[in-house]
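Please look through the sequence and the 3D structure below, and keep both in view while you read the explanation that follows.

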Amino acid sequence: MIKVLFVCLGNICRSPMAEAVFQHMVNQAGLSDKILVDSAGTGSWHVGETAHRGTLGVLSKNGIAYHGRARQFTRSDLQEFDYVLAMDAENLSDIQRAASPRAKVMLFLELAYQAQTVTLREVPDPYYDGRFEYVFGLVNKGAAALLAHIRAQHGL
Ligand code: 4NP
């Protein structure tokens with residue numbers, strides 16, 4: 001099993017959106033028996049909560065279900081997961097502070113940025129400005145680039 005973890009601050013806006021969109025793409029590609037998807041937050045404030053209504057709204061509008069609950073990122077996630085995708089630079093440095101830097105930890109949008117399908121490397125936080133639709137577009141580009149990368153790396 002190839003294990004993929006998306007990480008943001010609260011685990012209620014960006015990383016659950018990325019998890020749901022990526023899981024949807026994995027399902028459509030017929031790879032759900034090969035790729036496991038999860039998300040977590042570096043902070044603990046929202047542990048146990050459902051995703052933000054803005055995230056759930058944009059997902060359901062696009063026909064994507066999500067039933068996950070927020071959990072906090074732990075050091076053991078770095079052992080457990082093969083790919084750890086941080087939504088922004090602060091999340092990335094918080095993850096890397098938990099353990100020595102590892103190649104498998106990177107910014108979620110880095111691959112899409114390199115493929116020139118997005119023009120920024122960090123996912124802006126819709127918790128503060130409510131731009132869930134805009135973030136959904138970015139997350140789709142990031143998820144497509146990540147799935148292409150994993151398929152190429154693993155011959156899937
Ligand atoms: P997220 O957004 O990291 O994308 O889930 C946030 C959610 C909650 C808070 C900050 C960001 N908060 O400060 O409670």
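**From a buried asparagine to the cores**

Leaving aside residues up to four places away in sequence, asparagine 11 touches Pro16, Ser39, Ala40, Gly41, Arg69, Ala70 and Arg71. The model shown here is a predicted one, and in it asparagine 11 sits in the loop between S1 and H1. Is this asparagine 11 buried or exposed? Its relative accessibility is 2%, and because buried means under 20%, asparagine 11 counts as buried.

The side chain of asparagine 11 also takes part in polar contacts. One of these, at 2.9 Å, joins it to the side chain of serine 39, while a polar atom of the asparagine 11 side chain lies 2.9 Å from the backbone nitrogen of arginine 71.

We can now turn to the nonpolar parts of the model. In soluble globular proteins, nonpolar side chains tend to be buried together. Here the largest nonpolar core has 42 residues, and those with the most contacts inside it are Val4, Phe6, Phe22, Ile35 and Phe108. Two or more residues of this core come from each of strand S1 (2–8), helix H1 (14–28), strand S2 (35–41), helix H2 (53–61), strand S3 (83–86), helix H5 (110–114) and helix H7 (132–154). Among these, H7 gives the most, with ten residues.

Definitions and conventions
Residues numbered from 1 in each chain as written. Predicted model: local features only at pLDDT ≥ 70, side-chain atom pairs only at ≥ 80, totals over all residues. Heavy atoms only, no water. Core = buried A, V, L, I, M, F, W, Y, C linked by side-chain atoms within 4.5 Å. Buried < 20%, exposed > 50% of the residue type's maximum accessible area, 1.4 Å probe, protein only. Helix = DSSP H or I, 4+ residues; strand = E, 2+ residues; numbered from the N terminus. Polar contact = N/O pair within 3.5 Å; in protein donor to acceptor, adjacent residues only side chain to side chain. Contact = heavy atoms within 4.5 Å.
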